[in-house]
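Let's take a look at how the parts of a protein sit together. Have the sequence and the 3D view ready while you read.

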Amino acid sequence: MSGLSQSKLISRTLQWVSSAALLLLAAILIIFLIKETVVLAAFLFAVSNSSSIYLLIDGLIIYFLYFEFIALIIKYFQSNYHFPLQYFIYIAITAVIRLIVVEHKNPQLFIVYSITILILVVALYFANSERLKPKE
């Protein structure tokens with residue numbers, strides 16, 4: 001077997017394994033998404049106080065994180081086995097927003113998280129610029 005055909009075989013095998021692992025991860029995330037839907041529905045009908053509102057908002061943000069990871073996996077298969085950078089930045093921004101909601105008592109951390117979001121938005125701007133888009 002020549003070196004080129006052997007490397008193609010290895011590449012295809014690894015691609016198949018990573019695709020299978022991503023499909024398994026997507027199935028697990030869908031299960032967690034359904035579970036989070038049930039939890040959010042229970043919060044809606046529960047007695048509301050100030051702490052349960054924070055739990056509801058936290059649950060909503062976690063719900064969107066699950067949804068974004070599932071969308072990232074879908075985009076991976078739609079874009080010929082490639083993870084677009086923008087989706088990782090969207091997930092990072094959502095995760096930092098969740099930290100702000102959960103850890104809102106410390107003003108220094110709030111400033112650090114806000115600067116982090118600003119840096120991520122600037123990175124998203126550059127990631128969407130024409131210079132970084134793949135040529136077709």
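What follows is a short tour of the domains, the interface between them and some aromatic rings.

Keep in mind that this is a predicted model.

On the domain 1 side, 11 residues are in contact with 12 residues of domain 2. Together the two domains bury about 1,100 Å² between them, and 80% of that is on carbon and sulfur atoms. Within domain 1, the residues that lose the most area to domain 2 are Ile61, Glu68 and Leu72, which together make up 42% of what that side buries.

Arg98 pairs up with Asp58 in a salt bridge, with 2.9 Å between the closest N and O atoms. As for polar contacts, 2 residue pairs turn up across the interface. The side of domain 1 that touches domain 2 is made up of 7 nonpolar, 1 polar and 3 charged residues.

Now on to the rings. The whole structure holds 9 aromatic pairs. Here are two of them:

| Aromatic pair | Type | Centre to centre | Angle between planes |
|---|---|---|---|
| Tyr63 and Phe64 | edge-to-face | 6.2 Å | 85° |
| Tyr87 and Tyr90 | edge-to-face | 5.9 Å | 75° |

How exposed is Tyr63? Tyr63 counts as partly exposed because its relative accessibility is 24%, and Phe64 is partly exposed with a relative accessible area of 46%.

How values were computed:
Residues numbered from 1 in each chain as written. Predicted model: local features only at pLDDT ≥ 70, side-chain atom pairs only at ≥ 80, totals over all residues. Heavy atoms only, no water. Contact = heavy atoms within 4.5 Å. Buried area = accessible area lost by both parts, 1.4 Å probe. Salt bridge = Lys/Arg side-chain N within 4 Å of Asp/Glu carboxyl O. Polar contact = N/O pair within 3.5 Å; in protein donor to acceptor, adjacent residues only side chain to side chain. Nonpolar A, V, L, I, M, F, W, Y, C, P; charged D, E, K, R; others polar. Phe/Tyr/Trp six-rings, centres within 6.5 Å; stacked < 30°, edge-to-face > 60°. Buried < 20%, exposed > 50% of the residue type's maximum accessible area, 1.4 Å probe, protein only.
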